[in-house]
Amino acid sequence: MLVLQPARKRREASQGRIGLAIAGGGPIGGMYELGALRALDVAIEGLDLTRLEVYVGVSSGAFLAAGLANRLDTAEMCRIFITGDSDQVKFRPEIFLRPAFLEYFRRASALPRLAFDWWKGVLTDPTGSHLSELISRFGGAIPTGLFDNRGIEHFLRQVFTIRGRSNDFRELASKLYVVAVDLDSGQPVRFGSKDWDDVPISRAVQASSALPGLYPPVDIRGHHFVDGALRRTMHASVILDHGIDLMLGINPFVPFNASRGGQPPEGMDKLSEGGLPVVLSQTFRTLLQSRMQVGLEKYAQQYPDTDQVVFEPNEDDGEMFFTNVFSYSSRQRVCEHAFRSTLGDLRKRRAELAPVLAKHGLRLRDEVLDDPSASIMDGLGIPPRATETTARLRRALDDVDALVRDRHPNRRRRAAARRR
């Protein structure tokens, strides 16, 4: 589903300043977002997702936003996360599902003292008047997360410290924000903003994706951070405040609506028959979607001179709703599904979208939209093996090429054609 909010007024001609906001959605949500980004990459001429004005990412969206801001294009991300053909780094899904043994041990170490207090209370207070208070204290022995997210930070640190990339917000050519929530205050923090831009990008992404219950809060400067989606779904206002001309947004989570033609899995007539996991998933998605719709309506009023385009699954998309959010084995299927769905949205709304994009020097590639066999695997291949030195040289040459294009706008189309 494509949500289009054209600018109601414009102060001046577009300068081609584009911002990208990517919401959270767990591992499978991240794969949906990667598929959608890849579709935009191949279907919109003149759009270079690695050279936008500003990026903001939340939770799984922070992985992708940080990668793009670090000049890691969608093709290479597909090689890393989908095909495994990248010569840069090897992605192992198990790093997301390692038990948090350190957290288990830390919490369990409090049990002997709690047990002693329990028996002392039983012996000295037969009425049990203090037992309810003691029982509540046992809650402190429950781990704050099932899985260890330190491996996530290590993986990202490795990705962002090779091939001329940087793990430092201050060294990026574009502005990047990663949003997490301070558990002790309930307030969002924008890593990459003043006073928080010295935190390593990998550490910020680890904090932003620390979904309560699954991952322990991340301690940064004595503050404990959790998933940034707890406050807002997409945090698009972060990039809109930069005065951009066009905002692109991706949200992978919408509630399922069977009345729109969606079909639950065989044997499930009602969502409640799917048990607690399905009920919680529908509830969580409904809350996120409602919050985002309110936000978009507000943005239309607050930023009337910015075109806003948001991509998300259709309400009848059972593929996205019923796929286990941690099913890493489904990542290629979900990525392909998102790729085709996004191309379908672009094709259906082509007449409305084309003039909006044209204002910003962008053009829909009809040959891609009208190709029924288009696949996310097209154009990936296995890139030539490169050393650290040759990779840095290629990056420098790309910078020069981009500088020349900016000074000679009439060459942009030819450059875009070469990238295809």
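Before I place anything in a strand, a reminder to myself: strands here are DSSP runs of E with at least two residues, numbered from the N terminus. I also note that this is a predicted model.

I looked up D307 and found it in strand 10, which covers residues 307-311. Is D307 buried or exposed? D307 has a relative accessible area of 0%, and since the cut-off for buried is under 20%, I put D307 down as buried. Next I checked what its side chain touches. The D307 side chain comes to 2.6 Å from the backbone nitrogen of A7. I also found a polar contact between the side chains of D307 and K359, at 3.1 Å.

I picked helix 1 (residues 26-43) and helix 2 (residues 60-69), whose axes lie 8 Å apart at an angle of about 40°. That angle makes helix 1 oblique to helix 2. I noted the crossing of helix 1 past helix 2 as right-handed. Which residues meet there? From helix 1 I listed G26, G29, G30, E33, L34 and L37, and from helix 2 S60, G61, L64 and L68. Sorted by class, this contact has four nonpolar, five polar and one charged residues.

I counted 16 helices and 11 strands. Of the 420 residues in the chain, 52% are buried. I then took the contacts with a separation of 6 or more, and 78% of them are between residues 24 or more positions apart.

Definitions and conventions: Residues numbered from 1 in each chain as written. Predicted model: local features only at pLDDT ≥ 70, side-chain atom pairs only at ≥ 80, totals over all residues. Heavy atoms only, no water. Axes fitted to C-alpha atoms, helices over the stretch in contact; angles between N-to-C directions. Helix = DSSP H or I, 4+ residues; strand = E, 2+ residues; numbered from the N terminus. Parallel < 35°, antiparallel > 145°, perpendicular 65-115°, else oblique. Left-handed = near helix turned anticlockwise from the far one by under 90°. Contact = heavy atoms within 4.5 Å. Nonpolar A, V, L, I, M, F, W, Y, C, P; charged D, E, K, R; others polar. Buried < 20%, exposed > 50% of the residue type's maximum accessible area, 1.4 Å probe, protein only. Polar contact = N/O pair within 3.5 Å; in protein donor to acceptor, adjacent residues only side chain to side chain.
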